[in-house]
Amino acid sequence: MFREALFVDRLNRFVVLCEEGGRRFPAHLPNPGRLWEILLPGRVLLLEDQGKRDMPRVWGALLGEKVVCLHTASAASVARKLLEEECLEDFAGFRVAGTEIPIGNSRLDFLLKRGREKMFLEVKSCTLFFDGLAMFPDAVTVRGRKHVELLADLGGAVLFVVHVPSPFAFLPDFHTDPEFASALYAARKKVLIRAVAVRWDTAGNFQYSHTLDLPWEVYEREAGDRGSYLLSGYLPETRRIAVGNLGELNFPQGFYVYVGSAMRGLLGRIRRHLRKRKRSHWHIDALLPFLEDVRAFPIRSSERLECAIARELEDLARPIPRFGASDCSCGSHLFYLPQPPLKIAPFVEVLLRFRMGRVAGILQEIRGVSVN
Ligand SMILES: [Zn+2]
């Protein structure tokens, strides 16, 4: 059985700080993903004890009624069971003939055989979902991209195990890892790509739920190098800074989020913002040199969304009047937050709504039209 604890903070990639009955303690997190939408303060984690000398291990999390398994390695055992129980039509008759197969510098999860037929299978664990859409990866994965390229050469399959039953469609996360996404898109005719959803219970048992749609037509429309972006950063001390035509402004110590867009060359625009040396052009160029831990959150889309995003941020952060909004009717495109944005659930939700909810909406529209 698992015991419940509240998530407090992520101390490093593989360790989180938890709280249980007023006591705080570290726990091992067997998942290298970012998990922003899951690891929010106060979230209930399900822990497994590992014996007296080791810290407990995070098995999963509760998202309302949903149980999400966070143990990355569990995806391979899920896949194995689904194969053995013949839940997956495309793999009918295949049995596991080997695991952890070394090929060059990589390792593929399974070698499957059906008579004399062979197939390599790589399994990926997916916990990123919103509004009916699941995406992978939630952090850049060079290893994942190499697996896909290798499978395209060898012929084989990749199976995404989605750890909740709610999503109806799956796409590679072209916002977070466009290189993985385009490798998967390019491989789609050579590699069997499937995404399956499972339903977990709080005892750690799962059931097969369904196979997800892979709407490549939406990928083709939305995943280009264009769209909007958020930049976040931390100002370590209060400063007065001259900002072009706005004059000198007072910036209190804290966190800032800026929203912009580039409907041509989104990646190039973000790289420019992150570069130290450049000529000052936008309002944000005056502030960026003073910010620490600057991060970019691309939101790829065929439509310009920056003002819609700015309006949503206005509800959860304090706008800096007129900043970055010279060419539109918004109050501002720069927002102040006293806390890191990724620890604020409504901020993470805005990001997910524009990255994933919008894509799920487009998909439902397309489906609606094609059904009627
Ligand atoms: Zn605007």
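Start with the domains: select 3-69 for domain 1, 74-222 for domain 2 and 227-357 for domain 3; these bounds come from an automatic or database domain assignment. Residues are numbered from 1 along each chain as its sequence is written. The model is predicted, so local features need pLDDT of at least 70 and side-chain atom pairs count only at pLDDT 80 or more, while totals for chains, interfaces and linings use all residues.

Next, show domain 1 and domain 3 together. Their centres, taken over C-alpha atoms, are 31 Å apart. Four residues of domain 1 contact five residues of domain 3, a contact being two C-beta atoms, placed from the backbone, within 7 Å. On the domain 1 side, the touching residues are three nonpolar, no polar and one charged (nonpolar: Ala, Val, Leu, Ile, Met, Phe, Trp, Tyr, Cys and Pro; charged: Asp, Glu, Lys and Arg; polar: the others, Gly among them).

Now select helix H1, residues 74-84. Helices (H or I, at least four residues) and strands (E, at least two) are DSSP runs, numbered from the N terminus. Ser74, Ala75, Ala76, Val78 and Ala79 of H1 are buried; buried means 20 or more other C-beta atoms within 10 Å of the residue's own, with C-beta atoms placed from the backbone. Their cover includes strand S8 (106-114) and strand S14 (191-200). After H1 comes Glu86, with a positive phi near 55°.

Finally, go to Leu313 in helix H7 (residues 306-314). Leu313 counts as buried because 24 other C-beta atoms lie within 10 Å. Leaving out residues up to four places away in sequence, Leu313 touches Val257, Val259, Phe335 and Val350. The C-alpha atom of Leu334, 21 residues along the chain from Leu313, is 9.0 Å from that of Leu313.

Conventions
Buried ≥ 20, exposed ≤ 12 C-beta atoms within 10 Å, placed from the backbone.
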